[in-house]
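The following report sets out the fold and a selection of the contacts in one protein chain. Please read it alongside the sequence and the coordinates shown here.

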Amino acid sequence: MRDVVLFLVLIPRNAGVLLLRAYRKLISPLYGDVCRYYPSCSAYGLGSVQQRGLVVGSALTLWRILRCNPWSAGGIDDVRAARHERYRITPFGWVVPAGWAAADAVPLPQFSAHVHP
């Protein structure tokens with residue numbers, strides 16, 4: 001029952017993951033490699049939504065985009081790992097309850113935004 005509730009709670013997060021993956025597949029390649037940070041802002045956005053949820057992850061992504069400007073030094077700026085193990089990330093990038101994860105799913109605390117293309 002707990003996993004069913006977690007799955008329902010994860011629906012908005014996974015909708016955000018789907019939108020970000022579509023952006024990264026269709027629109028991001030048109031810009032080329034222009035981000036001053038590593039991982040790119042879209043990869044950071046994907047990781048932050050996966051790690052922190054849709055609302056907090058979107059806020060972190062917006063703050064990252066605002067910092068990515070010509071006057072910024074840039075550099076490495078990874079998404080901080082979650083401090084719990086309730087969720088796992090599937091190879092596609094969906095966030096699922098830990099009890100539902102496939103054998104090749106990655107635990108959230110070991111996630112790095114630049115691992116998933």
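**Overall make-up**

The structure is a predicted model, and its protein chain holds five helices and five strands. Read from the N terminus, these elements follow one another in the order α-α-α-β-α-α-β-β-β-β. The protein chain has 117 residues, of which 37% count as buried. Among the contacts in the protein chain with a separation of 6 or more, 68% are between residues 24 or more positions apart.

| Helix pair | Angle between axes | Axis separation |
|---|---|---|
| α4 and α5 | about 155 degrees | 7 Å apart |
| α2 and α4 | roughly 170 degrees | within 9 Å |

Helix α4 covers residues 41-52 and helix α5 covers residues 54-67. Since angles over 145 degrees count as roughly antiparallel, the angle of about 155 degrees places α4 and α5 roughly antiparallel to each other, and their crossing is right-handed. On the α4 side the contact is made by Cys 41, Tyr 44, Gly 45, Ser 48, Val 49 and Arg 52, which meet Leu 54, Val 56, Gly 57, Ser 58, Leu 60, Thr 61, Arg 64 and Ile 65 of α5. Sorted by class, the residues in this contact of α4 with α5 are seven nonpolar, five polar and two charged.

Helices α2 and α4 are likewise roughly antiparallel to each other. From α2 the contact draws on Arg 13, Gly 16, Val 17, Leu 20, Arg 21, Tyr 23 and Arg 24, while α4 supplies Ser 42, Ala 43, Gly 45, Leu 46, Val 49, Gln 50, Gln 51 and Arg 52. The contact of α2 with α4 is made up of six nonpolar, five polar and four charged residues.

**Two residues of α2**

Val 17 is a residue of helix α2 and is buried, its relative accessible area being 0%. Leaving aside residues up to four places away in sequence, Val 17 touches Leu 46, Val 49, Gln 50 and Gly 93. Val 17 and Gln 50 are 33 residues apart along the chain, yet their C-alpha atoms are separated by 7.0 Å.

Asn 14 is also found in helix α2, which spans residues 11-26. With a relative accessible area of 11%, Asn 14 is buried, and, when residues up to four places away in sequence are not counted, Asn 14 touches Trp 94 and Val 95.

**Salt bridges at Asp 77**

Side chains of opposite charge can pair when their charged atoms come close. The count of salt bridges in this model comes to two. In one of them, the side chains of Asp 77 and Arg 64 meet with an N to O distance of 3.5 Å. Asp 77 lies in the loop between β2 (75-76) and β3 (87-89), whereas Arg 64 is in helix α5, so that the pair links distant parts of the chain that are 13 residues apart.

Arg 67 likewise forms a salt bridge with Asp 77, and here the closest N and O atoms are 2.9 Å apart. Because Arg 67 lies in helix α5 and Asp 77 in the loop between β2 and β3, the pair ties together parts that are ten residues apart in sequence. Through shared partners, the salt bridges join Arg 64, Arg 67 and Asp 77 into one network.

How accessible are the members of this network? Buried means under 20% relative accessible area, so Asp 77 counts as buried at 15%, and Arg 64 counts as buried at 0%. Arg 67, in turn, is partly exposed, with a relative accessible area of 23%.

When residues up to four places away in sequence are not counted, Arg 64 touches Cys 35, Tyr 37, Tyr 38, Pro 39, Ser 40, Cys 41, Tyr 44 and Asp 77. Tyr 38 and Pro 39, both on that list, are joined by a cis peptide bond with omega near -5 degrees. Pro 39 itself is located in the loop between β1 (37-38) and α4.

Conventions
Residues numbered from 1 in each chain as written. Predicted model: local features only at pLDDT ≥ 70, side-chain atom pairs only at ≥ 80, totals over all residues. Heavy atoms only, no water. Axes fitted to C-alpha atoms, helices over the stretch in contact; angles between N-to-C directions. Helix = DSSP H or I, 4+ residues; strand = E, 2+ residues; numbered from the N terminus. Parallel < 35°, antiparallel > 145°, perpendicular 65-115°, else oblique. Left-handed = near helix turned anticlockwise from the far one by under 90°. Contact = heavy atoms within 4.5 Å. Nonpolar A, V, L, I, M, F, W, Y, C, P; charged D, E, K, R; others polar. Buried < 20%, exposed > 50% of the residue type's maximum accessible area, 1.4 Å probe, protein only. Salt bridge = Lys/Arg side-chain N within 4 Å of Asp/Glu carboxyl O.
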